[in-house]
Each structure stands twice: as structure tokens, then as C-alpha cells.
Amino acid sequence: QVQPKESGGGLVQAGGSLMLSCAASGRTTIVYAMAWFRRAPGKDREFVAAITSSGSATVYADSVKGRFTISRDNNENTAYLQMDSLNPEDTAVYYCTAGVVNTIHLSEGFFYNYWGKGIQVNVSS
């Protein structure tokens with residue numbers, strides 16, 4: 001079992017930045033692919049960004065490409081999501097997830113095994 005835990009959320013003005021962290025505890029002898037998803041009020045969960053277990057490849061949703069950066073530190077079992085140029089449409093609960101996921105499925109939540117409880121990000125206009 002692996003338990004991801006998010007931190008770093010909060011309130012920021014449009015145009016500002018936030019960095020989310022995801023610390024994975026538990027069975028960390030296996031290095032998992034990690035990803036961020038989000039759920040905005042009244043909307044379905046959507047993919048944001050993902051990174052392979054080695055960190056050699058990343059995938060982004062079109063809506064965040066060029067503004068968000070996902071990275072990881074395998075020594076610390078932690079993934080990060082640097083969010084720049086935030087806008088009110090980025091307001092959502094952000095979820096970190098981990099799993100043994102084939103590269104072609106990195107953007108698909110179905111293939112991830114372990115999910116954090118989520119953290120709120122609010123962007124004011």
C-alpha cells in the first residue's frame with residue numbers, strides 16, 4: 001500500500017503561483033508513476049499532469065501546458081506540481097495519485113492505484 005498526501009494548496013490571486021507537493025508513504029520500494037488530477041466545482045475529475053517512475057517523461061493536459069510543471073524527487077518519494085500564471089479556471093481540489101502505469105496510460109485515472117485525499121486550490125480574479 002502507498003498513501004499519497006498532498007500539501008501546498010491555498011488561495012492565490014490570478015497570475016500568481018503555487019507549488020503542490022505529494023509525499024508518498026508506505027511501500028515505496030516500488031517507484032510508481034505519479035500524476036495530478038483535479039475536480040472543479042460541478043465538473044468531472046480531469047487529468048492535469050503526470051510523470052513516469054524515472055522522471056524521464058511527462059505528460060500535461062492542454063489546459064495547463066506551458067503553465068504547470070510536474071517533477072519528482074525519488075530520494076524523497078515526493079512529486080511536485082509547480083503552477084504558474086494561475087487563473088480562476090484552475091480553482092479545484094487537486095488530487096495526487098500513484099500507480100504502476102504504462103506510459104501510454106499516464107493521463108487515465110483508471111490505471112492509478114493509490115489516491116490522496118485532495119487539497120483545495122482557489123484562484124481569485
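**Figure 1. The open sheet of strands β1, β3, β8 and β7.** Four strands, in the order β1-β3-β8-β7, form an open sheet with antiparallel pairing, where two strands count as paired if DSSP finds at least two bridges between them, and where strands (E, at least two residues) and helices (H or I, at least four) are DSSP runs numbered from the N terminus. The edge strands, each pairing on one side only, are β1 (2-7) and β7 (68-73). From one strand to the next the twist averages 20°, with axes taken as lines fitted to C-alpha atoms and angles running from 0 to 180 degrees between N-to-C directions. Within this sheet, strand β3 (residues 18-26) and strand β8 (residues 78-83) are joined in the antiparallel sense by six bridges, and Leu18 has Met83 as its bridge partner in β8. The model is a predicted one, in which local features need pLDDT of at least 70 and side-chain atom pairs count only at pLDDT 80 or more, while totals for chains, interfaces and linings use all residues. Residues are numbered from 1 along each chain as its sequence is written, and side-chain values use heavy atoms, with hydrogens and water left out.

Figure 2. Strands of a sheet pair through backbone hydrogen bonds, either parallel or antiparallel. Strand β2 (residues 10-13) runs parallel to β11 and is joined to it by four bridges, with Asn122 in β11 as the bridge partner of Leu11. Strand β9 (residues 92-99), by contrast, pairs with β11 in the antiparallel sense over three bridges, and here Ala92 stands opposite Val121. In a regular strand the side chains alternate between the two faces of the sheet. Strand β11 (residues 119-124) has a covered face made up of Ile119, Val121 and Val123, and an uncovered face made up of Gln120, Asn122 and Ser124.

Figure 3. Arg67 is placed in the loop between β6 (58-60) and β7, and it counts as buried because its relative accessibility is 15%, buried meaning under 20% relative accessible area, exposed over 50% and partly exposed in between, with a 1.4 Å probe and protein chains only. The side chains of Arg67 and Asp90 are joined by a polar contact of 2.8 Å (a pair of N or O atoms within 3.5 Å, of which, within protein, one must be able to donate a hydrogen and the other to accept it, residues adjacent in sequence counting only if both atoms are side-chain atoms). A polar atom of the Arg67 side chain also lies 2.9 Å from the backbone oxygen of Ser85. Leaving aside neighbours within four places in sequence, the residues in contact with Arg67 are Gln82, Met83, Asp84, Ser85, Leu86, Asn87 and Asp90, contact meaning heavy atoms within 4.5 Å.

Figure 4. Asp84 lies in the loop between β8 and β9 and is partly exposed, with a relative accessible area of 28%. Its side chain makes a polar contact of 2.8 Å with that of Gln82, and, residues up to four places away in sequence not being counted, Asp84 touches Gly16, Ser17, Arg67 and Phe68. The C-alpha atoms of Asp84 and Thr69 are separated by 8.4 Å, the two residues being 15 apart along the chain. Ser85 is placed in the loop between β8 and β9 and counts as partly exposed at 44% relative accessibility. Most residues other than glycine have a negative phi. Ser85, although not a glycine, has a positive phi of about 50°.

Figure 5. Asn77 lies in the loop between β7 and β8, is partly exposed with a relative accessible area of 27%, and has a positive phi of about 50° although it is not a glycine. The largest cavity has a volume of about 90 Å³. Of the ten residues lining this cavity, the closest to its centre are Ala24, Ile30, Tyr32, Arg72 and Asn77. On a 1 Å grid over the protein atoms alone, a cavity is a set of points where a 1.4 Å probe fits but cannot get out, and lining residues have an atom within 4 Å of a point; grid points are joined across faces, edges and corners, and the volume is the space filled by probe spheres set on the points.

**Figure 6. Ala50 in strand β5.** Ala50 is placed in strand β5 (residues 45-51) and is buried, with a relative accessible area of 0%. Its contacts, neighbours within four places in sequence being left aside, are Met34, Ala35, Ala57, Thr58, Val59, Ile70, Leu106 and Tyr112.

Notes: On a 1 Å grid over the protein atoms alone, a cavity is a set of points where a 1.4 Å probe fits but cannot get out, and a pocket is an open set with protein on both sides within 12 Å along at least five of seven lines; lining residues have an atom within 4 Å of a point.
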